[in-house]
Amino acid sequence: DGIELIQNLTVYYTDDSPNIAFEYENYSYAVDRLGVTEDPEDRDNHHMDWIRYICLHLQGRGVIKTI
């Protein structure tokens, strides 16, 4: 949950956030014998996870509105 929400937002982070930059730029989906799946790869995503949780919380409170 929340991946599509983040994909539809513009995410800003500071130059002092190299871990967020790395995770955001290297986010990927798992690959199986048939190719790329719809499942996100569960690695190097700790910062992106808490950003996703915050976005879902803000969406639930009506701060982030979706179409």
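**View 1. Serine 17, a buried loop residue in a predicted model.** Serine 17 has a relative accessibility of 16%, so this residue counts as buried; the cut-off for that label is under 20%. You'll find serine 17 in the loop between α1 and α2. Its side chain makes a polar contact with the side chain of threonine 14, at 3.0 Å. Keep in mind that everything in these views comes from a predicted model.

**View 2. Asparagine 8, an exposed loop residue.** Asparagine 8 also sits in the loop between α1 (3-7) and α2. Is asparagine 8 buried or exposed? With a relative accessible area of 60%, asparagine 8 is exposed, because the label applies over 50%. Now look across to aspartate 39: the C-alpha atoms of asparagine 8 and aspartate 39 are 18 Å apart, and 31 residues separate the two along the chain.

View 3. Helix α2 covers residues 18-26, and its buried residues are Ile20, Ala21 and Glu23. Part of what covers them is α3 (46-60). So how do you describe a pair like this? Two packed helices are described by the angle between their axes and the distance between the axes. Here, the axes of α2 and α3 come within 8 Å and cross at roughly 90°. The two helices are therefore roughly perpendicular to each other. On the α2 side, the contact is made by Asn19, Ile20, Glu23 and Tyr24; on the α3 side, His46, His47, Met48, Trp50 and Ile51 take part.

**View 4. The largest nonpolar core.** Which eight residues make up the largest nonpolar core? They are Leu5, Ile6, Val11, Ile20, Met48, Ile51, Cys55 and Ile64. Helices α1 and α3 each supply at least two of the core residues, and α3 gives the most, with three. Zoom in on cysteine 55 and you can pick out its contacts: leaving aside residues up to four places away in sequence, cysteine 55 touches Leu5, Ile6, Leu9 and Ile64.

**View 5. The β1-β2 hairpin.** Here we leave the helices for a pair of strands. Strand β1 runs over residues 29-32 and strand β2 over residues 35-40. How many residues lie between the two strands of this hairpin? There are two residues between β1 and β2. The strands pair in the antiparallel sense over three bridges. To get your bearings, find valine 31, which stands opposite valine 36 in β2. A handy thing to remember while looking: in a regular strand the side chains alternate between the two faces of the sheet.

Terms used
Residues numbered from 1 in each chain as written. Predicted model: local features only at pLDDT ≥ 70, side-chain atom pairs only at ≥ 80, totals over all residues. Heavy atoms only, no water. Buried < 20%, exposed > 50% of the residue type's maximum accessible area, 1.4 Å probe, protein only. Helix = DSSP H or I, 4+ residues; strand = E, 2+ residues; numbered from the N terminus. Contact = heavy atoms within 4.5 Å. Core = buried A, V, L, I, M, F, W, Y, C linked by side-chain atoms within 4.5 Å. Pairing = 2+ DSSP bridges. Polar contact = N/O pair within 3.5 Å; in protein donor to acceptor, adjacent residues only side chain to side chain. Axes fitted to C-alpha atoms, helices over the stretch in contact; angles between N-to-C directions. Parallel < 35°, antiparallel > 145°, perpendicular 65-115°, else oblique.
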